[in-house]
Amino acid sequence: MDRPAWAPPEVDLERPSTARIYDYMLGGLHNFAIDRQMAEQVLAVGPQIRLAAHANRGFLRRAVEYLAGAGIRQFLDLGSGIPTVGNVHEAAHHVAPDAKVVYVDADPVAVAHSVAIVEGDERVTVVQADIRDPDAILKDPRVTAALDFTQPVAVLIVAVLHFVPDADNPAGIVARLRDAIVPGSYIGISQVATIPNVTPEQQEVANRYTQANAVALRDREQIATFFDGLELVEPGLVDPAKWRADDDVTEMVPSFAGVGRKP
């Protein structure tokens, strides 16, 4: 197939990417036929997955706008994927044009696309790194050049921690990040929750998705522990679609989201 102008030369056009599949579900344009094919296979048995993707993206946008309105001017987006539809830097700059944003993702495909998308914007930095090594992220010279950790920072971990197994200590990762930021900083998190009474159709969706990505589902109490040492802002830990939503919404795929402030 012909390579679109936005696709970096190192990206394999015939290999599906989780980041581009997510972009497709959001209605973005940074995806290929192979990504759309895989996405449609999942959506055929779980159409609610697209709604869940939009719910998480909506939460991310509203959280960033809330935080920028609260005076935050530095954003560290971990597991950022491809910053296309409803991305952090556009939401932040809508409220605060001087805000600095650092995108971090372990996927070289997502990073390559991200670099191409934000090229020329000195307010935005893209770093390839793994959330499972928070110390490496916090010490990365590109991160420290962009963000001043003596000032409040918003750390965003949206739809990421369910890809971090318990063996990698996700609560410890969040705690390390919490300890590294100053009082007045925030951490925003969303995570897919356990599904009670799983139907055969739901199990099929899970099986197809986990072929590419192992998913660690957690209940509300487990997700709440990620906010230890933080003060949850209103409305607390809720469905992402309901967090400071503009309108009444119904719940999507079971998941929880919240924003905590470091006192």
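Modeller: Start with Asn56. This is a predicted model. Asn56 counts as buried, because its relative accessibility is 9% and the cut-off for buried is under 20%.

Biologist: Which element does Asn56 lie in?

Modeller: Helix α3.

Biologist: And what does Asn56 touch, beyond residues up to four places away in sequence?

Modeller: Tyr22, Val158, Ala159, Ser190 and Pro240.

Biologist: What span should α3 have, and how far apart are its end C-alpha atoms?

Modeller: The helix covers residues 48-69, which is 22 residues. At 1.5 Å a residue it should span 32 Å. The end C-alpha atoms are 31 Å apart, so the two values agree.

Biologist: What follows α3?

Modeller: Gly71, with a positive phi near 105°.

Biologist: Switching to α1. How many of its residues are buried?

Modeller: Six of the eight, in a helix that runs over residues 18-25. That is why α1 is largely enclosed by the rest of the structure.

Biologist: Which ones?

Modeller: Ala19, Arg20, Ile21, Asp23, Tyr24 and Met25 are the buried residues of α1. After the helix comes Gly27, where phi is positive, near 90°.

Biologist: Zoom out. How many helices and strands does the chain have?

Modeller: The protein chain has 10 helices and seven strands. It has 263 residues, and 49% of them count as buried.

Biologist: What about the accessible surface?

Modeller: About 12,200 Å² for the protein chain, with 51% of that belonging to carbon and sulfur atoms.

Biologist: And contacts along the sequence: what share join residues at least 24 apart?

Modeller: 69%, counting contacts between residues at least 6 apart in sequence.

Biologist: Now the largest nonpolar core. Which residues touch the most other members?

Modeller: Leu76, Leu78, Val155 and Ile157, out of 31 residues in that core. The elements giving two or more residues to it are β1 (74-78), β2 (100-105), α6 (134-139), α7 (141-146), β4 (154-158), α8 (170-180) and β5 (186-192). The largest share, three residues, comes from α8.

Biologist: What is Ile157 in contact with, leaving aside neighbours within four places?

Modeller: Leu78, Ile131, Val174, Leu177, Ile187, Gly188, Ile189 and Ser190.

Biologist: How many residues are in the second core?

Modeller: That separate core has 29 residues, including Ala63, Ala92, Val111 and Val238.

How values were computed: Residues numbered from 1 in each chain as written. Predicted model: local features only at pLDDT ≥ 70, side-chain atom pairs only at ≥ 80, totals over all residues. Heavy atoms only, no water. Helix = DSSP H or I, 4+ residues; strand = E, 2+ residues; numbered from the N terminus. Buried < 20%, exposed > 50% of the residue type's maximum accessible area, 1.4 Å probe, protein only. Contact = heavy atoms within 4.5 Å. Areas by Shrake-Rupley, 256 points an atom, 1.4 Å probe, with all protein chains shown as cover. Core = buried A, V, L, I, M, F, W, Y, C linked by side-chain atoms within 4.5 Å. Expected span 1.5 Å × (residues − 1).
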